[in-house]
Amino acid sequence: MTSIQTEPRSGSRSGVGASVPRPDGTLKVTGEFAYSSDLWLDGMLWGATLRSPHPSAWIRSIDIGPALAMPGVFAVLTHEDVPGEKFYGLEHRDQPVLAVDQVRYQGEPVALVAADHPETARRAAAAIIVAYEPREAVVDPRRAAFDPSCPPVHPHGNLVRHQPVRVGDRFQAEVVVTGEYEVGMQDQAFLGPESGLAVPAEDGGVDLFIATQWLHVDQDQVAPCLGLPKEKVRLSLAGVGGAFGAREDLSMQIHASMLALRTGRPVKIVYGREESFFGHVHRHPAWMRYEHGATADGRLVYVRAEILLDGGAYCSTSRAVVGNAASLGVGPYEVDNVRIDAYGVYTNNPPCGAMRGFGAVQACYAYESQMDRLAEACGLSPVEIRIRNAVSQGSRLATGQVVDSPAPLAGMLRELAAMPLPGSTVTRRSITEPSSAKPSSAEPVPDLRSLPGGVSQTTHGEGVRRGVGYGVGIKNICFSEGFDDYSTARVRVELLGGEPHVLVHTAAAEVGQGLITVKAQIARTELGIDKVTVAPADTSVGSAGSSSASRQSYVTGGAVKAACEAVRERLDSLRAGDPELGLVELLERFGPVEETREYRHRPTFPMDPVTGQGDSHTQLALCVHRAVVDVDVELGLVKVVELAAVQDVGRILNPVALEGQIHGGTAQGLGLALMEEIQVRDGRVLNPSFTDYLIPTILDMPPMRLSILENPDPHAPYGLRGAGEPPTLSSTPAVAAAVRAATGLELPRVPIRPEDIALAAPS
Amino acid sequence: MRVHIDVNGERLAADDVWEGESLLYVLRERLGLPGAKNACEQGECGSCTVYLDGLPVCACLVAAGQAEGREVVTVEGLASGDDLDQGLDEVQRAFVEAGAVQCGFCTPGLIVQAHSLIESTPQVPEDADIREALAGNLCRCTGYEKIIDAVRLAATRKAQNKAAQKKAPR
Amino acid sequence: MRPFAYQRATDVPSAVAAGTGQAMYLGGGTNLVDLMRLGVATPEVLVDVTRVPFDTIEETPGGGLLIGAGVRNSDLAAHPLVLRNYPMLAQAVVAGGSGQIRNMATVAGNLLQRTRCSYFQDITKPCNKRVPGSGCPAREGDHRNLAILGHSEACVATHPSDMAVPLAALGAVVNVESSGGPRAIPMPGFHRLPGDAPERDTLLRPGDLVTAVELPALPFAARSRYRKVRDRASFAFAVVSVAAALDVADGVVRDCRIALGGVAHVPWRAERAEAALRGAPATAEEFARAAEAELAQASPLPRNAFKVPLARNVLVRTLLDLTAREDLTAAGDTGETS
């Protein structure tokens, strides 16, 4: 179904451009791969966390006596036992390691236990007596943002960030469409729960084996809280069972370290699924009001938008999320007059932060819904309205930033629209087309499983209507707004068994995306040596930055490339006296060659706090989706028949891995459109389980048709463009638009549930 | 209590098992077999799928005592021999080759479930049958497309291997 | 999880002997193990009955089926007599859980599943079913998935089983063994409406062991259907489901059996709909009238009112399906097959 190149571009058949299999694949299919929850040491203890049942309360007292008295319990710790700084955080250190005198969300860690069996630890945690004095919880983000009488969640108030974007002054147009949209709270729902093993070291420090997205930023936060210098807090990446943003903030890192240092024994903490829902941030739910003005022929004149994001109890990455929502709030469209206000607020709801798409997802759902409304108002097709307003290289975004690399959106949309549509799901009660597949059979026999309701076989075709919808997304790649965003790579060439061998060492987190494969491919291409080993990621090499923002191929890929180039230069200079010298002889004579390089993308700049103007992003990536759905309008059931996507990735490094990223991102977007939502009521989570928080199964996912374009970005290594996030943006509005097309309903909120359709539709 | 289980063809015993432990916990923490994964421990994700007396089940919902004297095969038991790459089962090989593995946390459970589907189906299953058989295994990374590719590939190869074996002179 | 003693029973008498006091029977464990982990179920003794030899399916002299309590869901759904004589039962079983779950879950365990109401599952919250008298936050809170029929002030929970819905429609009989001797409890009465004692899901008394479920002979159930609406394509509990068997001759409904799932504290036998249909023309209008007769007694809560039209639509759809002239055994129409 894909039309992408698979030929390698280099001398090595396993270099850049080839579908090289994952080097950890065999370990993963045999069960030998060591995830953070698989680690085990003799004498190891198990940690457990006592969490607040209240979204907002004072803590009047904590009695750890009953827990300490239990056989098998080795330590019970509260905030008084935090050795160093009592607060941590990614952007703002506002989150207590353990609650200090108050709790601000349900699930906030209050105390820790180490015991010789996980069940003992859990029981001991439950035996701790905490006297809470519940107080009014701030649960309405609108109130938190705009009502001065709302109690402050933090002493500095409830506004985390307000980012305006202001350009132009013409806010009148022939055609005006408005809409209010909501996006529910989505969970990353990675499969490998938060876990890790902390081992006390002889030097008084701690060795932490952990599943994370960014070892060094963990180290930066863990060490001060332990009261240790950074060099005494050594982190190594354990196997990571998915991330999607949920491992950017700390979970059990400081807790396990505290317990290990206190008991002098290795301590492992593994969250269960329910605890995992409380142990990481979620995608910000959003309330958005949009007004689009256009000429009668569908050219955008202005966009006005208000975007409210509920950040929950602590800051996490809310500021950057607000920045993205604001700077990307009109989407990849040319418009001269823009007035956006994006707000992030504190409430006593679950903390929200990074998730794949990071602030761009919510806005994308709203602006794409608006584009469809505008198309209807102007009598244009959804594709045509987007083409008429599409950005291209040289366009100026609402922030004033000029798109300075290929952005062939109009062409992508044309290609997408030209892709063949899947045939109708033929049924006996709605046979409209002759079946060419089985000309001999008198009547085509449908597979009812392909209809809405699927294996439940709730229809033979009656009540089913088809819809087609489009979605376009634009996502910034790498960290933005002036962040010093870099990665470090150490590359060593040496002889092993008489053969040249490359060792690539970075601290970049392999979270499943396949960076481990890509790093080796780059080394092969740059050095022409096939034998490449990627060393385990740890803090003994410089920071690689986060495995987020679709940035690692770009930044760590760039660092590996730079280090390889430096190795090549060294080899060339060593060879200078004797150009005929082969690599083996060279290494025999001079020994291993090792170089370490940092790589930075072009600098970015802050957004002006009043106008939002500024070159805040280093790279922008586009993905477009077309969704075809069948909707059973009487039962409210949606079957996504096909999802097609066109994405420009600049340069394909590994076709199969890349397709996997697009497929996976698309699936998470479908999940947000149709089923995924953390239900929060009065600050309490109602569905912290995979029984009640539904993610797409294999039966929910349709076949996907991909077209992957390669229009190089001259600023990026190999011309590549980050690829992991854009498909997560565009698939949600595409599915929603298709359901609207099938039902004629407005559907202003995702996820769309059966009642949104069945109640509204005529029966 | 003491629990005896035939795991991957070997009679193993675990001592001091607490009654509330699951088969999954016993395998992972007492018998040194962490291949089956602990993703939800509620039977909702399939990551802990193992064979119990020949049928795939969620090991997280099997009480340790229920497994007494029974035969268990985990993902570790599907490969043969010491050379990992050579000894892979066709399902395992296909998952690597087709790009069906990303983070890999769902992989062991999917491989056991897919193995069961292929072993119990004489023909190469259709995509719809593959989807139906794997509906109890959640994956968050892949969108399932490459997983279907892998199962189709493994089933085709197994069918070919069987046909070749039939043809081969004895 | 609360500490408990584990005992293994090898036959019915030893199981019943062990099942005294705060004991619970462990079948497949797919619900009970989870509830124990959540702290919702706190038995002092767990009596493992998975080795009790009541795992067979036999034809009864009257032409019905006697299904052992320990029969695995996957075996039940694949049994040729179930598929031929009671297709709605096979369809309901495969609509529940996943293949892995069905390989463990038993008939008795399926019948005795506890509600999935989120307040019941969370021991930090009040729940009259879990802690009698503690209150029901669902009424004011999250009840989107909860009951529209037969609920009480004390409880608005739903019964989660798919399998129990066709059993209720068929009027299956639950065979029970106890220290006081055997009993036979017919469905749908086996499950209780909540009233003011929602802690009791069924008529079972402490120590009772379900040993079998007996299906009556009902020839027209060979033409029966189970249809389930859920929030995703598989592996989710019913929002609304329908089990129906229809006996139509000359365009007139001679007899029928109908039950609804996902709408009440019990698998809901739709007696009013059945009464309205018997003798009525088998037409869409009559089906709609019957559905409305049943649902007239619904008292939905604010956020589950959608279940009323949904139940109506899926019921009418299922009945129409049963009267359709096409060959209903076309490919893919035999229910889930895994």
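Me: A helix axis is a line fitted to C-alpha atoms over the stretch in contact, and angles run from 0 to 180 degrees between N-to-C directions. In this predicted model, at what angle do the axes of helix 10 of chain A and helix 11 of chain A cross?
Reply: The axes of helix 10 (residues 382-389) of chain A and helix 11 (residues 409-418) of chain A cross at roughly 165°, and they come within 9 Å.

Me: Why is helix 10 of chain A called roughly antiparallel to helix 11 of chain A?
Reply: The crossing angle is roughly 165°, and angles over 145 degrees count as roughly antiparallel; therefore helix 10 of chain A is described as roughly antiparallel to helix 11 of chain A. As for handedness, helix 10 of chain A passes helix 11 of chain A in a left-handed crossing.

Me: Which residues of helix 10 of chain A and helix 11 of chain A meet?
Reply: Helix 10 of chain A contributes Val383(A), Arg386(A) and Ile387(A), and these meet Ala410(A), Leu413(A) and Ala417(A) of helix 11 of chain A. By class, this contact has five nonpolar residues, no polar residues and one charged residue; Arg counts as charged, whereas Ala, Val, Leu and Ile count as nonpolar.

Me: What makes up domain 1 and domain 2 of chain A in the domain assignment?
Reply: In the domain assignment, domain 1 of chain A is given as 25-33 + 486-600, and domain 2 as 43-135 + 191-242 + 247-279. The C-alpha centres of domain 1 of chain A and domain 2 of chain A lie 35 Å apart, and their contact takes 15 residues from domain 1 and 15 residues from domain 2. On the side of domain 1 of chain A that touches domain 2 of chain A, six residues are nonpolar, seven are polar and two are charged.

Me: How many residues of chain C are in contact with chain A, and which element gives the largest share?
Reply: There are 32 residues of chain C in contact with 38 residues of chain A. Strand 9 (224-230) and helix 12 (307-323) are the elements of chain C that give two or more residues to this side, and helix 12 of chain C gives the largest share, six residues. By class, the side of chain C that touches chain A has 13 nonpolar, seven polar and twelve charged residues.

Me: What is the mean pLDDT of chain A, and where is the pLDDT below 50?
Reply: The mean pLDDT of chain A is 94, and 95% of its residues reach 70 or more. Over residues 1-10 of chain A, however, the pLDDT is below 50, although this stretch has 25 contacts in the model beyond near neighbours in sequence. Residues 426-443 of chain A also have a pLDDT below 50, with 23 contacts in the model beyond near neighbours in sequence.

How values were computed:
Residues numbered from 1 in each chain as written. Chains lettered and ligands numbered in written order. Predicted model: local features only at pLDDT ≥ 70, side-chain atom pairs only at ≥ 80, totals over all residues. Domains from an automatic or database assignment. Contact = placed C-beta atoms within 7 Å. Helix = DSSP H or I, 4+ residues; strand = E, 2+ residues; numbered from the N terminus. Parallel < 35°, antiparallel > 145°, perpendicular 65-115°, else oblique. Left-handed = near helix turned anticlockwise from the far one by under 90°. pLDDT = per-residue confidence, 0-100.
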